[in-house]
Amino acid sequence: MMNLQPSLPWKTWQELRTESKTNPESLLSMILEAKEFSLCKQWVELYPVSDQLKLQLQTEHLLHLLETEQTDEAFQLLESISDVAVGLDVCEHALDRRPGLAACHFLADYLTLHFQRQVSPARRRHIHALHLGSKVLLTLPPASRQDYFPLLSEPMLMLEQLLMNLKVEWAEVAVQTLQSLLVGQETGFSAEDIDKLLTDYACKALDFSCAPKERSRSDSVISLQDVLIQCPAQELSSQSFSQIESPASSTNSTPTHTLSGNSSERKKDRGSAERSQRLSAKFQPPDQPPAQKDWVPDTQHDMCMVCRRERFTMFNRRHHCRRCGRLVCSTCSERKMLVDGCPGEEVRVCDDCYVYFHPE
């Protein structure tokens, strides 16, 4: 004990013995902090400690074994606990600490197999949901598991998130995994609920509205050139043809096939002018950034409130401007800036707000 890290405040074994008799639980906590679990076990046999501290010791030991991937030793530790109630408490306390994926999977499995009848129905559903969630999470690529780990106890939400993120192949494996494990599980959802979720997102995928594209001069030129390629020359009037290409006999003239390039430049200028005109319209952001609860609700608009062209769909998702709280598309909210109430980093804002605060 004199060699523990972090070191104990006593210099001699005589001082340590005196402290052990006076305050054995305080010393046990220090040994536990050093993760000397064998020494802890001996200490509990020599000195009186509370049941609560014993439970903490067994919980910490179990989590340490699971975190270091010593699953066989973890299983032996649980099997060595003769009191069923204590074994259940150790597992539940460890699970409530929300350890890593492997540890959650082990604990949910063990609780499902050994303590079905000892827990309340609500707790049983939670454990079964964790069991299913861990199984689904293990089917995902290792690099992506951490992104979905917060949804471990909500397998249906995890599946919905996969669908929202267009991870269709991952979702397919997740559905197969859930359907194969649902039999006999009390999770709060059924195979019919999975089918309904898939049906809802299939309908959303088909409801893919496209904003009408504004026709520009360059579009007309390209369309006319396509007609020239597809139709015989004799079917075109000489007047129409002259609009595309000047006669070869003309002098000091520029062939009008360069019109495409000129019109492209005009299109850019026109687009920039329209965009500047739109952004410079009399938009007045609120004096203070609204709180998140005061943002425009998702259900209030199905179209970008800045460009008023992009429709929100399963593939074209809504975004909230952190400065004005409006619903905007990704194209109209590509910029970031510092906003009061969001300290430390720049956040997404709409083009209107950015131009308002950066007039140069």
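Select Arg 311 and Asp 302: their side chains meet in a salt bridge, with N and O 2.9 Å apart. A salt bridge here is a side-chain nitrogen of Lys or Arg within 4 Å of a carboxyl oxygen of Asp or Glu. Arg 311 is partly exposed at 29% relative accessibility, and Asp 302 is partly exposed as well, at 40%. Relative accessible area under 20% counts as buried, over 50% as exposed, and anything in between as partly exposed (1.4 Å probe, protein chains only).

Before moving on, note that the model is predicted: local features need pLDDT of at least 70 and side-chain atom pairs count only at pLDDT 80 or more, while totals for chains, interfaces and linings use all residues. Residues are numbered from 1 along each chain as its sequence is written, and side-chain values use heavy atoms, with hydrogens and water left out.

Next, select Asp 352 and Arg 326. They form a salt bridge whose closest N and O atoms are 3.1 Å apart. The pair links distant parts of the chain, 26 residues apart: Asp 352 is in helix H16 (residues 351-357), and Arg 326 is in the loop between strand E1 (319-320) and strand E2 (327-328). Helices (H or I, at least four residues) and strands (E, at least two) are DSSP runs, numbered from the N terminus. Asp 352 is buried at 8% relative accessibility, and Arg 326 is buried at 12%.

Salt bridges that share partners also join Glu 92, Asp 96 and Arg 123 into one network. Within this group, select Glu 92 and Arg 123, where the closest N and O atoms of the salt bridge are 2.6 Å apart. Glu 92 is buried, with a relative accessible area of 15%; Arg 123 is buried at 18%. The structure holds seven salt bridges.

Now colour helix H11, residues 168-181. This helix has 14 residues and reaches 20 Å from its first C-alpha to its last, close to the 20 Å expected at 1.5 Å a residue. The expected span is 1.5 Å times one less than the number of residues. Which residues of H11 are buried? They are Ala 171, Ala 174, Val 175, Thr 177 and Leu 178. These residues cover an arc of only 165° around the axis, which puts them on the same side of H11; the arc is that of the directions from the helix axis to the C-beta atoms. On the other side of H11, Glu 169 and Ser 180 are exposed. The buried residues of H11 pack against H8, helix H10 (155-164) and helix H12 (191-206), where contact means heavy atoms within 4.5 Å.

Select Lys 167 and Trp 170 next. Lys 167 lies over the face of Trp 170, at 4.9 Å from the ring centre. A charge sits over a ring if NZ of Lys or CZ of Arg is within 6 Å of the ring centre and within 35 degrees of the ring normal. The charged end of Arg 98 sits over the ring of Phe 149, 5.7 Å from its centre.

The last stop is the aromatic rings. Rings of Phe, Tyr and Trp (its six-membered ring) pair if their centres lie within 6.5 Å; planes under 30 degrees apart count as stacked, over 60 as edge-to-face and the rest as tilted. The count comes to five aromatic pairs. The ring centres of Tyr 356 and Phe 357 are 5.1 Å apart and their planes stand at 80°, so this pair is edge-to-face. Finally, select Phe 75, Phe 106, Tyr 110 and Phe 115, which ring pairs link into a cluster.
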